[in-house]
Amino acid sequence: MNDLYLARTAHSPEVDFRFSSHELTLTGEAYPENAADFFQPLLSALEGYLRGVDGQEIHINFRLTYFNSAATKMLYSMFELLNETACTSNRVILNWFHDEEDDTILEFGEGVHDDFSALDFRPVAVDLATA
Amino acid sequence: MLSPAAIAESRAGLSEIESEYIARSLLREAPTVAPHQTNDEVMQLLSERSDVVSLPVVENGLPIGLINRNIFMDGIAKPFRRELFGRKSCIAFMDKQPLVVSEHMSIQELSFKVVGAGGKTLNDGFVITDDAGLYLGVGTGEDLVKIVTHLQAEKNRLVMESINYASVIQKSFLRASREDMAAALHDYFIHWEPRDKVGGDYYFCKKFEDGFFIALIDCTGHGVPGAFMTLIMASFLDHILLEDNRRDPAGALAMMNRKVKIALGQIGEHNIVPIEGQRFAHSPDKEQSDDGMDTAFCWVESCKLIYAGAKTPLFTLENGATEVTVIEGDRKGVGYVDTPMDYTWTNKEIALSKGMRVYLTTDGIIDQIGGTKDIAFGKKRFCNLLVENSELPLVAQKERIMQAFYTYQGKQRRRDDVSLLGFRI
């Protein structure tokens, strides 16, 4: 499985899916003009990767500061895939990075935690001013 | 040749405008030379025709090269060159690989080719041929830039005219709600600011004998598609309230949910059909929409408010209170594919006291990126603003809140439509 890297743009996040070391990172913002076009290839790659791993510890680093509602739906599809694998085959640690003052992202993360209980949800408060 | 008058007369629509111009529109007649002609003859011709920038070389009707005036003149001007090359074939100084295009090539394809060919082609121009590849004439980079600029401006104008008028329609749809708000309330404000002139945010108010129904709606998307959705939602809501169910906002949400799902065909469990066990291997059917709305529905009567929310909280502030009460709605949006057809929302009853303030906002304010850290505005900041300004008349509160919002946004781009309403009991 090849690693997947996409550079950050004004409307889409940096995607750094290191399947080889089981560490997947999303950084930035997600409000692409067409969310499905942007996320489908990522979901497809993730699904392909998950079918080939078993008994692994997978680390997800979620470092998004903004996503619109269309992107949210796509992110939920992603968490759904991860939650399924966490129920059956792999351990999934979801590192939920948020600025210490960013209650919006934290609150969203808590919702994700409620909805996808098989994920090991770990909020990580950071100071983006010094990051 | 390009005629400004012909351009100005164009009345083509958006889809026609691209096809109205092709490479032939740029055709200029130019003198040509044949390979048997000498450099002396070229020199003669160029000195007689100062308007000629490049001179096509044509053999048996086929273009074989392009002589650029400056390159030719520089070349021939060097010592002894004239003596050496003067009587020789003019192909010595010609560019053997100029850009040659068919007269039917679209302006867009031509632009890409010219840009791809580098600065040379913009300067020298290109040769235009008929279907058989026979020489017709030349086009210049200057004319191409002119026509591309014109097409761009024309397309912008058509799109903007259309959006401006869409904005007129969307605003007039809101008029009835504004009038009913004015009739039902004394101290209130509404701030509606679509990101792209029209948008997916919408407010709704309808006054009845025994109270009023008020809603703030955030439909999927923004811009024109968002605005389409608001009109669908507004007409459904109007229809639903004709029946006697205004005191049951949760029931109204459930009815909206069913109506939207049926109208948009969003009734499947999941719009992504599993194909050989892999859900995301193929693109989903592009025609399948997944649209809906996040919203707060409120029924307000003399001493109580009944609220039902779809991912949209209600903010209240009692007279003299120093803390905002945030009442969260249910966590499912209305109409979306992943919201079940029979999903039920919950009504929450809030006792109203004299002087109590009630606010609703879509996520446009809370989620806007800005500040020194480029993070979301956030609920906490929003609630603090409500408390700080709570003693002011509502219209003045709006000014303060929006000012703080704009300052926070700073140089960041607006992310979404912004709507905010507030009223005092």
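Figure 1. Phe236(B) lies in helix H9 (residues 223-242) of chain B; helices (H or I, at least four residues) and strands (E, at least two) are DSSP runs, numbered from the N terminus. The model is predicted: local features need pLDDT of at least 70, side-chain atom pairs count only at pLDDT 80 or more, and totals for chains, interfaces and linings use all residues. Residues are numbered from 1 along each chain as its sequence is written, while chains are lettered from A and ligands numbered from 1 in the order in which they are written. Phe236(B) counts as buried because it has 20 C-beta neighbours inside 10 Å. A residue is buried if 20 or more other C-beta atoms lie within 10 Å of its own, exposed if 12 or fewer, and partly exposed in between, with C-beta atoms placed from the backbone. Leaving aside residues up to four places away in sequence, Phe236(B) touches Met256(B), Lys259(B) and Val260(B). Two residues are in contact if their C-beta atoms, placed from the backbone, lie within 7 Å. Between the C-alpha atoms of Phe236(B) and Arg82(B), 154 residues apart along the chain, the separation is 84 Å.

Figure 2. Helix H6 (residues 107-117) of chain B has Ile107(B), Leu110(B) and Val114(B) buried. These residues are on the same side of H6(B), because they cover an arc of only 60 degrees around the axis; the arc is that of the directions from the helix axis to the C-beta atoms. An α-helix has 3.6 residues a turn, so residues three or four places apart point the same way. Gln108(B), Phe112(B) and Gly116(B), on the other side of H6(B), are exposed. Strand E3 (100-102), helix H7 (119-124), strand E4 (126-129) and helix H8 (141-184) of chain B pack against the buried residues of H6(B).

**Figure 3. Three-stranded open sheet of chain B.** The strand order is E3-E4-E5 (chain B), and the pairing is mixed. E3 and strand E5 (135-139) of chain B are at the edges with a single partner strand each, so one side of each has no neighbour in the sheet. From one strand to the next the twist averages 35 degrees. Two strands pair if DSSP finds at least two bridges between them. E4(B) and E5(B) run antiparallel and are joined by four bridges. Thr129(B) is opposite Tyr135(B) in E5(B).

**Figure 4. Strand E10 of chain B and its partners.** Strand E10 (residues 304-310) of chain B is largely enclosed by the rest of the structure, because six of its seven residues are buried. Strand E9 (residues 293-301) of chain B runs antiparallel to E10(B), and seven bridges join them. The two strands, E9(B) and E10(B), are connected by a hairpin through two residues. Ala296(B) is opposite Gly309(B) in E10(B). Four bridges pair E10(B) with strand E13 (residues 348-351) of chain B in the antiparallel sense. Ile350(B) in E13(B) is the bridge partner of Leu305(B).

**Figure 5. Packing of helices H1 and H2 of chain A.** Two packed helices are described by the angle between their axes and the distance between the axes. For helix H1 (residues 35-51) and helix H2 (residues 69-88) of chain A, the angle is about 5 degrees and the axes are 10 Å apart. Axes are lines fitted to C-alpha atoms, for helices over the stretch in contact, and angles run from 0 to 180 degrees between N-to-C directions. H1(A) is therefore roughly parallel to H2(A); angles under 35 degrees count as roughly parallel, over 145 as roughly antiparallel, 65 to 115 as roughly perpendicular and the rest as oblique. Residues making the contact include Phe39(A), Leu43(A) and Leu46(A) of H1(A) and Met74(A), Met78(A) and Leu81(A) of H2(A).

**Figure 6. Contact between chain A and chain B.** Chain A contributes 21 residues to the contact and chain B contributes 22 residues. On the side of chain A that touches chain B, H1, strand E4 (57-67), H2 and helix H3 (103-115) of chain A each supply at least two residues. H1(A) gives the largest share of that side, five residues.
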